[in-house]
Amino acid sequence: MTTTATNKVEIRRGLMGVYFDRTDSCFIDGTIGKLLYRGYDIHELAEKSTFEEVIYLLLNGKLPTRRELDGFDRQLRADRDIPDDVLDIINKVKDGHPMDVLRTAVSALSAYDPEVKDNSEAAIIRKGLRLTAKAPTIVAAHDRIRKGLKPVKPNANLNHAGNFLYMLFGKEPSEDEMHIMDVDFILHAEHGANASAFAARVAASTQTDLHSAVVAGIATLKGPAHGGAAEEVMKMAEEIGQPEKADGYARNILDHGGRVMGFGHRVYKAEDPRARHMRERSHTLGIAKGQPQWFEILTKLQEVMKPYQARGIFVNVDFFAGSVYYLMGIPEDIFISIFALGRIPGWTLNVAEQYRSNILIRPLTDYNGPMDLEYVPISQRR
Ligand code: CMC
């Protein structure tokens, strides 16, 4: 841990190991790779639940009855459309990175949300659900617009995951593809005080609105140390090209002090429990699509990284996810946006929790620059 004690204060760089509040949403034990949403194990949720049910669980604190889930799902399906004005904005910024376009469009949606200024918990959750419902429409419409295609209208007959793929590709996905996307959204739905949720909480702590907090979350997720790793992993796999070259490629990165993307985590010092579900899919989908090489390359990289396990560096959720998206035909620069689509309920939950017992988040930095310098007028400076 990087802890610098000056003669005045103790500094915890990166807030490493610092608890700043309590939560009842997400439990993580990074030493054994355990993750619970509202007390339920991520493996059980990934295997038995649906994204819609997980959103309900996260935002309501309990699993829904059949009737509750049906009503909730109906509302989500009804909220998928985005205003034409927002489509126009997407069109204007279509050459930007999909995360920049998503950030801009979510920001623009605030102008159309009737409850934008209502910061009651019930309104925060309603707004979060509307954003959850609309965000896939933004990502899919942007991809089609930039390719010169017409955006596809949401299809209320498909579930959240299936409808996203339908709007992206303009055709109904297979059951298998829908299921993979659904599991992926479940795995990304919430993750405690991660950097983007913390950014959203910092924004909420100033009593700003949910849209602003989610924009902060999207902006923070974009970086390669957080959500951007899946895209980087796939680029790396493509650059490697053949399983036999993986060993030399990774060793070269490590010998030059670099990082192999998709490995390491601030909290997990064992394997990220979310990785397991994408590993299986990377393997089976690769065989089904006649492209087993990506899984083989990733497996080789894991072998090279084995000695790093002694230092707590294991694969994280992003390591296999990139290859799964790639095999589904999803453009690489949309990988982070998919993470964001899954995480909107988590950001909403964090903002609601922050509001429930709000306190301004405002830490300190220890000043170590010069003091009391004489101000020299610009005409006399050299
Ligand atoms: N490859 C090689 N060495 C690594 C890696 C890696 N991927 N990750 C960490 N290390 C080393 C690092 O060089 C450092 O070594 P030393 O102590 O000798 O300087 C040590 O491990 C600790 O690393 P750190 O950066 O101080 O640890 P952190 O907790 O600040 O960083 C991390 C966590 C995720 C930013 C980092 O592991 C990383 O950059 N990984 C690659 C990017 C990546 O896969 N990000 C996705 C994270 S999972 C999605 C999510 O939940 O956000």
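Select the ligand and the residues around it: there are 21, and those that come nearest are His226, Arg259, Val260, Phe263 and Arg266. Here, a residue is near a molecule if one of its heavy atoms lies within 4 Å of it. The model is predicted: local features need pLDDT of at least 70 and side-chain atom pairs count only at pLDDT 80 or more, while totals for chains, interfaces and linings use all residues. Residues are numbered from 1 along each chain as its sequence is written, and side-chain values use heavy atoms, with hydrogens and water left out.

Next, select Arg266, which places a polar side-chain atom 2.8 Å from an oxygen atom of the ligand.

Colour the shell around the ligand by class: 10 residues are nonpolar, 6 polar and 5 charged. In this scheme Ala, Val, Leu, Ile, Met, Phe, Trp, Tyr, Cys and Pro count as nonpolar, Asp, Glu, Lys and Arg as charged, and the others, Gly among them, as polar.

Finally, select His160, Ala161, Gly162, Phe164 and Leu165 of H7, together with Glu177, Met178, Met181, Asp182 and Phe185 of H8; these residues make the contact between the two helices, where contact means heavy atoms within 4.5 Å. By class, this contact has 6 nonpolar, 2 polar and 2 charged residues.

Key. Polar contact = N/O pair within 3.5 Å; in protein donor to acceptor, adjacent residues only side chain to side chain. Helix = DSSP H or I, 4+ residues; strand = E, 2+ residues; numbered from the N terminus.
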